[in-house]
Amino acid sequence: MREKRSYAQEVCVKSAGKAMQRTGMIRPGCRIGVAVSGGVDSFVLLKTLHIRQGIVPFRFEIMAIHLNPGFDPQSHMPLAAWLSRHGIPSHLEVTDFGPHAHSAGNQRRSPCFRCAWLRRKRLFELCARYRLTHLALGHNAEDLVSTFFMNLCRNGRVDGMSMNEPFFGGKLHLIRPLLLVEKKYIIKAAKQWELPLWANACPSAGHTARSDMGETLKALYGVARDSRRCILNGLSRWQLEKNSLPDVVDAGEQESGAVRGEGTPFS
């Protein structure tokens, strides 16, 4: 029996479905690694993909991947318990990426750049180990906007964040199913799903280049009453059109005839 979902939850589930359909994110039998940090975006992404397993008319598998940065080796225990209750396969690993990135030994790069580089490298290694075809990241619409303006202001490039990007000659696809969803809906959905989030112990939390751009954008949002909505909607449409498959017509969700795939544990 279909669970009753709130408006915010429906926004997450249906917007992800639209992005997946329009950009050809997944295919029958694909194996998706979901990078789960413990923050609200990636946790809602995991929950959303778990729901969509029962919506799409073919089987695909998901696996949660959590790389504990090492500030608090026990912080991910709520995630482990949640995954066990929902029967979702996982790889949970404690690293030293965070302390290393903030150490005196990291002189050349910012802590955030170094930590993110180490984390991305390890995620790619794990995707290869578990024979994953996709790696899903929890970036949202606000992340798209801040990245667009960071690329424009810092690099002189008109570029956003791809919804479906091939790596290693197409052996792995990096996907962002929540890129059309505003943060406010993600936060509401997480509370309504009662996801066991935990505080970020990183000393650089809230002091990143992305958060700095978020503060800068507040002035731009104040240009007119609807500026924020127009910027979010405009860039989301632009990115979706840029990544959409040719000749794909958005005919809406055909959920009534969907069959849930049973899936098997990862080996």
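## Aromatic pairs and nonpolar cores

By the ring-pairing rule, this predicted model holds 7 aromatic pairs. Rings of Phe, Tyr and Trp (its six-membered ring) pair if their centres lie within 6.5 Å; planes under 30 degrees apart are stacked, over 60 edge-to-face, and the rest tilted. Here are two of the pairs:

| Pair | Centre to centre | Angle between planes | Type |
|---|---|---|---|
| F124 and F168 | 5.1 Å | 85° | edge-to-face |
| F167 and F168 | 6.2 Å | 50° | tilted |

Together, F124, F167 and F168 make up one aromatic cluster. F124 is buried at 17% relative accessible area, whereas F167 is partly exposed at 21%; buried means under 20%, exposed over 50%, and partly exposed in between (1.4 Å probe, protein chains only).

Next come the nonpolar cores, sets of buried Ala, Val, Leu, Ile, Met, Phe, Trp, Tyr and Cys residues joined through side-chain atoms within 4.5 Å. The largest has 57 residues, and I32, V44 and L46 have the most contacts inside it. Apart from this core lies another of 18 residues, including L67, F124, L126 and L135. Setting aside neighbours within four places in sequence, I32 is in contact (heavy atoms within 4.5 Å) with residues including I26, L49, F60 and I175.

A note on reading the model: residues are numbered from 1 along each chain as its sequence is written, and side-chain values use heavy atoms, leaving out hydrogens and water. Because the model is predicted, local features need pLDDT of at least 70 and side-chain atom pairs count only at pLDDT 80 or more, while totals for chains, interfaces and linings use all residues.
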